Amino acid sequence: MNRKRYGKRKKLRKRKIKRLTTAYLRRAIVILIQIIMMILMVCGCLYLYERFTKEDEKVNKYTDLYTDLYTDRNAGNGIAPVASTENNAPGFCVVVDAGHGGSDGGTVSGKAVEKDINLSVALKLKAILENDNIEVILTRSSDENISLADRTSVANDSNADFFISLHCNYYEKDAQIAGLECYYNNSNATESKGYAESIINAVSLSEDIVTRYAKTEDYYVLRNTQMPAVLVEMGFLSNYSESQKLLDDDYQERLAQKIAEGISNEIKRGENL
Ligand SMILES: [Zn+2]
């Protein structure tokens, strides 16, 4: 009798343990599934956030690269460029080209929008150069789309003596990189090289504007202008500190002042040759 009862109790205990184990297992599986779902949801949210916040920057970066480098797709969209003055006055004439405009914002980083910075510095540069008795023609004086072909036409049709295009840089792989760069078309373009180096020299004397180098690059506006021409990348919007400086009105004024000095120095050097 006793042995029978003992056996029955043992069976009951085993069944109870089995039941409990199954219940715990089931609960563990449910919790595991919940954790996996939460991880997937978080990953999904992060992916969407990355996608929608970085998309604009990427698009703008590549827009900039393609419009500047390969560019012919932008040529001749039929929109008339804006000349700030008639080019009838004697003396030295500079075409100042504020890169991008209208629907083409250029590179964008937070509040820093390239097309606006370019235009703001272009207007300041115009005022400084005119004060130095240099005639200035702007390719655009407001926020509007101007094709690259129209930009170079403004320079070529007016027989300008010098062309300068203003841009802001962006390098998504390294946010530490900062500094102004100045480009000329190729090593045969010695006059353009002279201006590029003169601008780098003048800007490098400034206390707070970082400079990098004068360098060759096959940009449309440099390739298709018939006079000495440079393209200035005034700083990197991908560098937070430099992007904040580029938004600052005083900094833009100092930048325009130094670029103007570089141009004037080179004009004087050319006259003395
Ligand atoms: Zn640009």
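User: Which residues does Val 230 touch, not counting residues up to four places away in sequence?

Analyst: The model is a predicted one. A contact here requires C-beta atoms within 7 Å. With residues up to four places away in sequence left out, the partners of Val 230 are Ile 164, Cys 182, Tyr 183, Tyr 184, Ser 192, Tyr 195, Ala 196 and Ile 199.

User: Which residues have the most contacts inside the largest nonpolar core?

Analyst: The largest nonpolar core comprises 58 residues. Within this core, the residues with the most contacts are Val 94, Ile 199, Val 230 and Val 232.

User: Which element gives the largest share of this core?

Analyst: The protein chain contains seven helices and eight strands. The largest share of the core amounts to seven residues, and its source is helix 2.

User: How do the residues of the contact of helix 2 with helix 7 divide into nonpolar, polar and charged?

Analyst: On helix 2 the contact includes Val 121, Leu 125 and Ile 128, and on helix 7 its residues include Leu 255, Ala 256 and Ile 259. The division of the contact residues is nine nonpolar, three polar and two charged.

Methods. Residues numbered from 1 in each chain as written. Predicted model: local features only at pLDDT ≥ 70, side-chain atom pairs only at ≥ 80, totals over all residues. Helix = DSSP H or I, 4+ residues; strand = E, 2+ residues; numbered from the N terminus. Contact = placed C-beta atoms within 7 Å. Nonpolar A, V, L, I, M, F, W, Y, C, P; charged D, E, K, R; others polar. Core = buried A, V, L, I, M, F, W, Y, C linked by C-beta atoms within 7 Å. Buried ≥ 20, exposed ≤ 12 C-beta atoms within 10 Å, placed from the backbone.
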